[in-house]
Amino acid sequence: MSVLVFKAILVLVLFLISLGIAAYSTYAERKVAAFLQDRIGPDRAGPFGLLQPIADGVKMFLKEEIIPNVSDKLLFIAGPCIFMLTALMTSAVIPWGKALEFGGQIYNLQVADINIGVLYVLGVVSLGVYGIMIGGWASNNKYALLGAVRASSQMISYELAMGMSVIAVLLMSNGTLSLNDIVASQGTGKLYGFIDISGMNWNVFYQPLGFIIFLVCAFAETNRTPFDLPESESELIGGFHTEYSSMKLGLYLFAEYINMFISSAVIACLFFGGYNFPGIDYLGTVLPHNVVSIISVAALFGKIFFFIFFFMWVRWTIPRFRYDQLMRLGWQVLMPLAIINVLITGAVLTYFGN
Amino acid sequence: MMNSQLIFFMLAALSILSALFVVFSKNPIYSVLWLIVCFFSIAGHYIMLNAQFLAIVHIIVYTGAIMVLMLFTVMLLNLNKESEPHKSVMYKGAAVLTGGMLMLVLLAAMRSTQLGTYVAPGRAETGFVQNVGLKLFTDFLLPFEMTSVLFIAAMIGAVVLAKKEVH
């Protein structure tokens with residue numbers, strides 16, 4: 001099997017996994033909400049309501065599709081497509097596990113190991129806003145436009161603090177921007193120079209502040225509560241997707257869950273060692289290489305599922321911000337904190353060497 | 001080499017066509033969107049020249065930030081054909097004159113240009129972040145610092161303009 005064929009299969013598998021996780025995130029969201037509010041949640045479709053996402057999908061497909069007469073038809077259709085496209089694009093640079101090895105041939109579990117991986121993620125994130133803006137404007141509806149405008153200003157504001165918090169991580173990664181190298185570097189060396197657990201040299205132990213800033217920004221970028229002002233029901237009906245129905249609405253809602261999944265993966269890769277797990281070197285000596293690789297994939301997905309759960313936990317715990325509070329938090333709190341974090345990291349690295 | 005040449009011609013055609021659509025679109029929103037397509041094709045040119053870093057920074061800065069703000073402004077202004085201000089003949093004449101003069105300068109510059117044979121830079125030489133960074137902080141340190149001073153001046157200017165006057 002040539003590497004190209006393997007990459008093609010990997011792309012397909014990642015696509016299906018993203019969609020599958022997004023579908024079951026909707027189920028998980030309801031179950032988590034039910035758990036936090038002391039209810040039962042969906043339990044009718046299949047055992048424990050496990051078929052609920054499929055039922056929802058069928059419902060979405062079968063509903064009547066309405067395109068408003070006054071809308072810009074082309075852009076109205078393009079909006080959800082662009083949003084979905086940008087949501088799916090980031091998964092290309094994430095290293096999903098240690099490389100597999102069959103018959104001397106090494107297969108990297110990463111679609112594209114480009115040497116600007118982190119910048120690619122930031123670039124795609126910054127494109128995500130177009131889906132919302134175009135959809136919101138093309139609807140020709142005041143609420144949709146307000147939602148779109150809110151989304152774009154919110155995402156631009158939080159991108160800055162997000163990029164700044166990533167710079168502190170990049171300073172520590174020996175000058176590489178490749179996500180694969182950043183993850184690999186978190187699997188070698190001793191934590192703080194003396195705690196010797198293999199695969200535990202995670203960035204979060206060096207960059208707790210950077211992690212918190214990145215996490216808050218990830219919430220804002222994915223438009224999740226407490227920063228879901230673009231679609232706040234109590235103020236804007238549905239925000240940017242007020243006019244959407246049927247599967248176009250489905251695409252918007254779905255892409256939000258894919259964004260959540262991908263940003264969880266990026267958080268895991270940048271701060272929580274990606275596919276590294278404690279004792280990865282020891283397991284490498286007693287188990288075959290490919291088994292360790294599969295365990296590493298499972299470790300990464302474990303981290304991702306934890307962060308998806310965290311996203312939901314926060315959603316059902318913290319109320320929505322007001323818009324001026326959101327802007328003040330982004331510009332006057334997170335941004336200076338991120339810059340101070342970069343300065344401290346740089347000073348410490350210069351003073352102590354690496 | 002045939003393949004990269006084919007990709008180059010496709011990208012070049014896309015750049016020129018999208019740039020033309022920017023000018024000829026009746027709807028300002030479509031103009032902005034075509035400009036975004038144009039920026040993407042230019043980022044593609046950067047990648048063809050092995051300048052990955054430049055390409056992604058181009059996308060982040062221009063398509064990701066500046067064009068979003070531009071789209072934002074156009075959407076809020078709600079420009080459309082009915083509200084387009086009618087420009088007087090004098091304005092149109094001045095626009096044609098200045099545009100024609102710019103074209104004259106460009107044509108003159110193009111005539112005196114020596115077209116050398118193009119050599120694709122090697123992978124190790126250009127484009128990667130390390131090399132761009134090294135160049136910026138050694139050979140081009142002064143221009144780099146001057147640019148940052150310029151940016152700070154622009155930022156302070158924007159803050160001053162946006163601030164309400166206190167009476």
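User: Right-handed or left-handed: how do H1(A) and H2(A) cross?

Analyst: The crossing of H1(A) and H2(A) is right-handed. A crossing is left-handed if the near helix is turned anticlockwise from the far one by less than a right angle, and right-handed if clockwise. Helices (H or I, at least four residues) and strands (E, at least two) are DSSP runs, numbered from the N terminus.

User: What kind of model is this, and how do the labels work?

Analyst: This is a predicted model, where local features need pLDDT of at least 70, side-chain atom pairs count only at pLDDT 80 or more, and totals for chains, interfaces and linings use all residues. Residues are numbered from 1 along each chain as its sequence is written, while chains are lettered from A and ligands numbered from 1 in the order in which they are written.

User: Back to H1(A) and H2(A). At what angle do they cross?

Analyst: Roughly 110°, and the axes come within 9 Å. H1(A) covers residues 3-36 and H2(A) residues 52-62. Axes are lines fitted to C-alpha atoms, for helices over the stretch in contact, and angles run from 0 to 180 degrees between N-to-C directions. The two helices are therefore roughly perpendicular. Angles under 35 degrees count as roughly parallel, over 145 as roughly antiparallel, 65 to 115 as roughly perpendicular and the rest as oblique.

User: Which residues meet there?

Analyst: From H1(A), Ala23(A), Tyr24(A), Thr26(A) and Tyr27(A). From H2(A), Gln52(A), Pro53(A), Asp56(A) and Gly57(A). Two residues are in contact if their C-beta atoms, placed from the backbone, lie within 7 Å. By class, four are nonpolar, three polar and one charged. Ala, Val, Leu, Ile, Met, Phe, Trp, Tyr, Cys and Pro count as nonpolar, Asp, Glu, Lys and Arg as charged, and the others, Gly among them, as polar.

User: And how do H1(A) and H11(A) pack?

Analyst: At about 45°, with axes 10 Å apart. H11(A) is residues 289-315. The pair is therefore oblique. H1(A) passes H11(A) in a right-handed crossing. Ser25(A), Ala28(A), Glu29(A) and Val32(A) of H1(A) touch Ile308(A), Phe309(A), Met312(A) and Trp313(A) of H11(A). Here six residues are nonpolar, one polar and one charged.

User: What about H5(A) and H7(A)?

Analyst: Their angle is about 150°, and the axes are 9 Å apart. H5(A) and H7(A) are therefore roughly antiparallel. Their crossing is left-handed. Tyr158(A) and Met162(A) of H5(A) are among the residues in contact, as are Ile213(A) and Phe214(A) of H7(A). That contact has 11 nonpolar, three polar and one charged residues.

User: Zooming out, how many helices and strands does chain A have?

Analyst: Chain A has 12 helices and two strands. The radius of gyration of chain A, taken over C-alpha atoms, is 21 Å.

User: How many residues does each chain give to the contact?

Analyst: 18 from chain A and 17 from chain B. On the chain A side, H4(A) (117-138) and H5(A) (142-172) give two or more residues. H4(A) gives the most, with nine. That side has 13 nonpolar, five polar and no charged residues.

User: What are the scores?

Analyst: ipTM is 0.79 and pTM is 0.85. Mean pLDDT, the predictor's confidence in each residue from 0 to 100, is 84 for chain A, where 99% of residues score at least 70. Chain B averages 83, with 86% at that level.

Notes
The radius of gyration is taken over C-alpha atoms; the globule rule is 2.2 Å times the number of residues to the power 0.38.
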